[in-house]
Amino acid sequence: MMIIGGRLTAAYVRPSPIVRTVICAVAAGGCAALYTVVTGRTPADIASSGQATLAGLAADPHAWSVGALLAVLVFKAAAYALCLGSLRGGLVFPVLFLGAAAGVLLSPLPGLGVIPAAAAGMAAASAAALRLPVSAVALVVLVLGNSETIPVVILAAVTSFVTAELLPPGPSATPRRAPEGKAAA
């Protein structure tokens, strides 16, 4: 509690960066632990960047059940958001893995196969996250080494980029203003 202008007001004390980092690291670890409990799979699916797990998913996508794919999407997205907000982590490979997992999950849709769906998911996710659709197309084509999926990759990247650009912007981090007559701390 603080006294401002003769009134007793509640003051929010922002935790230090070290405390926030530890809280987010424990929460990301909790996401990996919950994923392991729910699916019985290794927590490395959530805790790693996704580069090695992406190779395993591409090599044998049918080894992943629908429940495991849904769980990896939920728990890895949560851990990824926590790590982006307060920890050090990569931007590209977790997004590629999440896109590939979503693509494999949607691969039974008519007209799609596992490889084109994974390629489209990777392109859409990376174009939305990086806001670089041409780079996303080049990255996915180079990672997959499959030139037959280029039209699907281009369509997914452009559609995702345009959609992300048309969405309203999120809340901005504007600095708080000090009360009248008070200096900002």
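Modeller: A residue is called buried if its relative accessible area is under 20%, exposed if over 50%, and partly exposed in between, using a 1.4 Å probe and protein chains only. The model is predicted, so local features need pLDDT of at least 70 and side-chain atom pairs count only at pLDDT 80 or more, while totals for chains, interfaces and linings use all residues. Residues are numbered from 1 along each chain as its sequence is written, and side-chain values use heavy atoms, with hydrogens and water left out.

I start with the salt bridges. A salt bridge here is a side-chain nitrogen of Lys or Arg within 4 Å of a carboxyl oxygen of Asp or Glu. Two salt bridges are counted by this rule. One joins the side chains of D45 and R41, at 3.2 Å from N to O. D45 is buried, at 5% relative accessible area, and R41 is partly exposed, at 26%.

The side chains of R131 and E165 form a salt bridge at 2.9 Å, N to O. This pair links distant parts of the chain, 34 residues apart: R131 sits in the loop between α6 (114–130) and α7 (133–144), and E165 in helix α8 (residues 150–166). Helices are DSSP runs of H or I with at least four residues, numbered from the N terminus. R131 is partly exposed at 40%, and E165 is partly exposed at 43%.

Contact means heavy atoms within 4.5 Å. Leaving out residues up to four places away in sequence, S126 touches V95, L96, R131, A136 and V140. S126 is buried, with a relative accessible area of 1%. Its side chain reaches the backbone oxygen of M122 at 2.8 Å, and a polar atom of that side chain lies 3.3 Å from the backbone oxygen of A123. An α-helix has 3.6 residues a turn, so residues three or four places apart point the same way.

Finally, helix α5. It covers residues 92–106, has 15 residues and reaches 21 Å from its first C-alpha to its last, close to the 21 Å expected; the expected span is 1.5 Å times one less than the number of residues. V95 and L96 are among the buried residues of α5, which also include P94, F97 and G103. The buried residues of α5 pack against α2 (44–47), α3 (51–59), α4 (66–86), α6 and α7.

Definitions and conventions
Helices (H or I, at least four residues) and strands (E, at least two) are DSSP runs, numbered from the N terminus. A polar contact is a pair of N or O atoms within 3.5 Å; within protein, one must be able to donate a hydrogen and the other to accept it, and residues adjacent in sequence count only if both atoms are side-chain atoms.
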